[in-house]
Each structure stands twice: as structure tokens, then as C-alpha cells.
Amino acid sequence: MSHLEHDHDEVARDHVRDHTHGGHDDDGHDHRRGLRGAIDDVFRPHSHDAADNLDTALEANRQGIRAVKISFVALLATAVIQVVIIVATGSVALLADTIHNFSDALTAIPLFLAFKLSRRPANRRYTYGYGRAEDLAGVFVITMITLSSIIAAYEAIQRLIHPRDIHNLGWLIAAGVTGFVGNELVALYRIRVGRQIGSAALAADGYHARTDGFTSLAVALGAVGASLGFRRADPIVGLAISIAIFAVLRGAARQVFRRLMDAVDPDIVEQIETVATTTPGVHDVNDIRVRWQGHRLTATLAIGVDSTLTVSNGHTVAEAVRHELLHHVRHLDTADIHVDPVGSDTNPHADAAHHA
């Protein structure tokens with residue numbers, strides 16, 4: 001274990017010993033009621049320990065890795081089945097859909113590596129850790145979507161210019177339905193896990209798989225058109241699939257771009273401000289900055305406390321703020337808090353003001 005990781009563990013556990021809850025229920029967490037809440041309590045027991053944030057981060061990584069593995073196998077199996085049917089039918093629409101399914105399955109590889117890499121502790125070179133690897137994997141996902149769309153469009157245009165008959169239409173329809181079912185199952189799983197752990201890359205890849213599912217149904221529609229004597233129905237559907245992939249590309253690229261530019265939901269900033277402001281001993285809150293490190297949040301902020309407080313008491317207020325933030329802000333991993341004196345006749349930042 002590195003020195004930084006050791007210090008982080010010690011601080012977190014000391015913090016828990018100093019801030020143990022006394023059994024009250026009004027802690028600000030989202031307690032679900034009814035049957036769903038009871039089931040969640042069985043499988044995901046609720047805890048009030050701030051040190052559990054360390055375990056939460058590790059569990060999020062494990063969930064991400066598990067989701068990537070399962071979805072990779074499912075999509076690969078779906079694509080292999082479609083390849084067999086391509087040989088039997090000669091469908092370019094199915095070829096376009098299969099190419100995209102293979103590329104979608106391959107995006108699991110950089111996501112897997114990113115989740116594994118993000119588990120490494122921070123060091124003197126990567127002082128924030130390796131969470132950004134997940135965002136870089138998102139760039140790879142965007143590249144794969146772009147390439148698959150170009151290839152699918154090229155094949156469809158070639159077949160429009162030089163139409164060919166397709167065979168075994170019943171098998172082609174079955175392949176479209178298989179592609180839809182396989183992709184939709186993967187989409188549901190990726191989106192659910194992505195939202196749970198705060199991974200934009202995993203959730204975006206889930207929506208990507210969902211669009212693939214509907215384009216697989218379009219393959220079946222192309223087969224129906226071909227069975228009615230419209231020879232160009234198959235390549236037209238293949239071209240429509242390419243356009244649909246471009247639509248997915250726009251949304252996925254926007255999500256990845258926002259992560260790379262440190263964009264966060266303004267509601268998160270407002271929540272941090274509200275929690276910090278309502279903590280006893282805090283006079284005001286300033287300079288709130290929040291960013292994603294992969295699927296975990298990092299926050300920095302400045303709080304104003306009474307200038308007559310000792311350094312020790314000011315630190316106690318800051319720790320109380322950090323404690324509340326770790327409890328109330330979902331996916332928050334760390335919160336660095338600067339303490340400013342309020343009520344002093346002098347400007348505490350006067351010496352460095354000319355650098356602003």
C-alpha cells in the first residue's frame with residue numbers, strides 16, 4: 001500500500017471514530033419504502049460509516065468490471081450467431097448490424113482495462129489517481145462507433161449500386177430478432193450498473209447497445225421488404241442503420257466531452273453548497289469546484305468560520321462538513337475543504353490577491 005493510500009485509509013477511519021451516529025433516522029439518505037426498499041435493504045445494506053466510501057469505490061469498480069465481462073460475452077455470442085446467418089443469407093443489412101455488434105463488444109476491452117487501472121492508488125505523478133482512464137476509454141468507444149458507422153454505410157451504398165438477391169429470409173428475420181433481444185438485455189444491464197456507479201462511459205455504451213437492438217429489428221424489416229420483391233430494401237435498411245449509429249455517436253460524444261471538460265450536473269454543486277451551508281459552525285461557502293474522476297466525484301470548497309475559533313476548532317468544523325458531504329452526495333469520493341476566518345478586520349488572502 002502506498003503512503004498516500006495509507007494516509008487516506010487512516011484519516012477515513014479516524015473520522016468514523018470521531019463522528020459515529022447515535023441511531024437517528026434523519027440522516028438525509030434516500031431511504032426507499034415498500035417491497036423494493038425491503039429488497040434493497042437485504043442485498044445492499046445501508047451504512048452510516050464514512051469509511052464505507054472506500055469500500056463503495058472498490059465495489060463500484062467490481063460492479064463495472066462484472067458488467068463489462070457479462071455484456072462482452074453476451075454481445076459476442078449475438079454477433080457470432082449473426083455471422084452464421086450472414087453466410088446463409090448474404091444480407092448486407094445484417095452484415096452492417098453484425099459489424100456494429102462486434103465493435104460494440106470490443107468496446108468492453110478498453111472499459112475493462114480502465115476499470116482495472118482506476119483501482120490503482122494515487123502516487124506522486126498521478127496525484128488524483130487513475131480514474132481518468134475511464135474517460136479515455138470513452139474516447140475509444142466514440143472512435144469505434146464512428147468507424148463502424150462508416151463501414152456499414154460504405155457496404156450499404158455498394159449494395160445499392162450493385163443489388164444482389166438474399167436468401168433464407170426466415171433465418172434473416174430470426175437473426176434480427178436475436179440481435180434485438182441480445183442488445184436490449186445488454187443495454188438494460190449496462191445502463192443500470194452505469195447509473196448505480198456513476199459511470200458515464202458504461203451508461204453511454206448501454207444506450208449504444210439499445211440503439212443496436214432496434215437496428216437489428218430494422219434488419220428483419222428489410223427481410224420482409226425483400227420477400228415482397230423489393231430487392232433494394234436490404235441495403236436501404238443497412239444505410240438507415242448507419243444513420244442511426246451516427247445519431248448514437250452524437251449523444252455519446254457529448255457525454256464523453258463533458259466528462260473530459262470536468263462538467264458536472266449543476267444540481268450536484270447546489271447540493272454540496274446546501275449541505276455545507278447548513279452544517280453548524282459554517283457562516284458561508286465559496287469556490288465550490290467538483291469534477292468526475294472516472295465514476296467518482298472529487299470536490300473542493302472554502303467555508304467561512306468564526307475568526308475567533310482556534311485552528312483545532314476550525315478543523316473540527318471542516319471535518320463536520322466533509323462528514324456530511326460524504327453522507328449526502330452520491331458518488332463523492334473526496335472533499336478538500338479550505339477554512340477562511342469570518343469577522344476579522346484583515347483580509348486573509350491579501351498577500352496572494354495580486355496572483356488572482
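# Close-up views of a predicted model

**Figure 1. Strand β2 and its two partners.** In β2, Leu 297 is the bridge partner of Trp 292. The model shown here and in the other views is predicted. Another pairing places Arg 291 opposite Thr 298 in β2. The strands β1 and β2 run antiparallel and are joined by eight bridges. With β3, β2 pairs in the parallel sense, over ten bridges. One of the pairings with β3 sets Ala 299 against Ala 335. Nine of the eleven residues of β2 are buried, so β2 is largely enclosed by the rest of the structure. In a regular strand, side chains alternate between the two faces of the sheet.

**Figure 2. The turn between β1 and β2.** These two strands form a hairpin, with two residues between them. Gly 294 lies in the turn and has a positive phi of about 70°. β1 covers residues 284–293 and β2 covers residues 296–306. Gly 294 is also among the residues in contact with Glu 134, as is His 295.

Figure 3. Glu 134 belongs to helix α6, which spans residues 133–161. Is Glu 134 buried or exposed? Glu 134 is buried, yet it has no salt bridge. Arg 259 is the nearest side chain of opposite charge, at 5.2 Å. A salt bridge would need a distance within 4 Å. The side chain of Glu 134 does make a polar contact of 2.4 Å with the side chain of Ser 199. Apart from neighbours within four places in sequence, the residues in contact with Glu 134 are Ala 114, Phe 115, Ser 199, Ala 200, Ala 201, Gly 294 and His 295.

**Figure 4. The largest nonpolar core.** This core holds 21 residues. Which of them touch the most other members? They are Ile 272, Ile 303, Leu 325 and Leu 332. At least two residues of the core come from each of α10 (266–277), β1, β2, α11 (311–328) and β3 (332–342).

**Figure 5. Two loop residues with positive phi.** Most residues other than glycine have a negative phi. Asp 262 is not a glycine, but has a positive phi of about 60°. Asp 262 sits in the loop between α9 (233–260) and α10. With a relative accessible area of 29%, Asp 262 is partly exposed. His 331 also has a positive phi, near 70°, and is a residue other than glycine. The place of His 331 is the loop between α11 and β3. His 331 is buried, with a relative accessible area of 12%.

**Figure 6. The whole chain, for orientation.** How many helices and strands does the chain have? There are eleven helices and three strands. Along the sequence they follow the pattern α-α-α-α-α-α-α-α-α-α-β-β-α-β. The chain has 356 residues, of which 42% count as buried. Among contacts between residues at least 6 apart in sequence, 74% join residues at least 24 apart.

How values were computed. Residues are numbered from 1 along each chain as its sequence is written. This is a predicted model: local features need pLDDT of at least 70, side-chain atom pairs count only at pLDDT 80 or more; totals for chains, interfaces and linings use all residues. Side-chain values use heavy atoms; hydrogens and water are left out. Helices (H or I, at least four residues) and strands (E, at least two) are DSSP runs, numbered from the N terminus. Buried means under 20% relative accessible area, exposed over 50%, partly exposed in between (1.4 Å probe, protein chains only). Lys and Arg count as positive and Asp and Glu as negative; His and the chain ends are not counted. A polar contact is a pair of N or O atoms within 3.5 Å; within protein, one must be able to donate a hydrogen and the other to accept it, and residues adjacent in sequence count only if both atoms are side-chain atoms. Contact means heavy atoms within 4.5 Å. A nonpolar core is a set of buried Ala, Val, Leu, Ile, Met, Phe, Trp, Tyr and Cys residues joined through side-chain atoms within 4.5 Å. Two strands pair if DSSP finds at least two bridges between them.
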